[in-house]
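Student: Could you take a close look at one part of this model with me? I'd like to hear about how its inside is packed.

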Amino acid sequence: MQVHIIDHPLIQHKLSLIRDVKTGPKEFRELLEEVAMLMAYELTRNLPLEETEVETPVAKCRCKMLAGKKLGVVPILRAGLGMVNGVLRLIPAAKVGHMGVYRNPETLQPVEYYCKLPTDVAERDFIIIDPMLATGGSSKATIDMLKARGAKSIKLMCLVAAPEGVQVVNASHPDVEIYTAAVDEKLNDHGYIVPGLGDAGDRIFGTK
């Protein structure tokens, strides 16, 4: 199973606050951005490095810097927007694409309505971000759309996942690694993660 649970104490602490029904939109947004940055730190652990020479105030030295790998961040609208700034604080040079996918409330199937990506898709490593991996439909559809446009390297980063969603993504895209702070118990009859954290989009933007 291609799923990595990021169990850093700071992430787990902030996730508990995010889950709390008493956490309002402002604090929810701030916590989500902080967790996204911390998760991106773990997700980028294996970025390639190259040696270079710099001159310190004392002497020249050999150092390591990122090897110029191009990165792309793709939030799934709209809840994924709440994680973008946290990732960009860590990787400011990354380009941001947008995928609009919503879940039909009756069929629970994804419906695509928007796609805007960098022009050099095939040259970038992409990180898809969405707070929730529930049924897996939206994530699968987004991966489908990215691959159809030439993406070859994709990771999926979410805050909370359901086993059902993990299974859908693993079955359809076994090459895509999933990074999450928690895999929860199950989905309920309405397709919400249990215990989850409610509707992330509504909690970010204060809507119902």
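Tutor: A quick word first: pLDDT is the predictor's confidence in each residue, on a scale from 0 to 100. We need that here because this is a predicted model. The protein chain averages a pLDDT of 92, and 99% of the residues score at least 70. Among the elements, strand β11 (residues 177-183) has the highest mean, 97, while strand β6 (residues 98-103) has the lowest, 82.

Now to the inside. The largest nonpolar core has 36 residues, and those with the most contacts inside it are Met-39, Val-87, Ile-129, Met-157, Leu-159 and Leu-197. At least two residues of this core come from each of α1 (9-19), α2 (25-43), β4 (71-77), α3 (81-90), β8 (125-129), β10 (153-161), β11 and α6 (200-205). The biggest giver is α2, with eight residues. For a close-up, pick Val-87: leaving aside neighbours within four places in sequence, Val-87 touches Ala-36, Met-37, Ala-40, Val-73, Ile-129 and Met-157. There is also a second, separate core of 23 residues, with Ile-76, Phe-126, Leu-146 and Ile-178 among them.

Helix α5 (residues 163-172) is worth a look too. Its residues Gly-165, Val-166, Val-169 and Asn-170 are buried. They sit on the same side of α5 because they cover an arc of only 130° around the axis. Covering these buried residues are, among others, β1 (3-5), β9 (132-133), α4 (137-148), β10 and β11. Turn to the face of α5 pointing away from the buried side, and you find the exposed residues Gln-167 and Ala-171.

Terms used: Residues numbered from 1 in each chain as written. Predicted model: local features only at pLDDT ≥ 70, side-chain atom pairs only at ≥ 80, totals over all residues. Heavy atoms only, no water. Helix = DSSP H or I, 4+ residues; strand = E, 2+ residues; numbered from the N terminus. Core = buried A, V, L, I, M, F, W, Y, C linked by side-chain atoms within 4.5 Å. Buried < 20%, exposed > 50% of the residue type's maximum accessible area, 1.4 Å probe, protein only. Contact = heavy atoms within 4.5 Å. Arc of directions from axis to C-beta.
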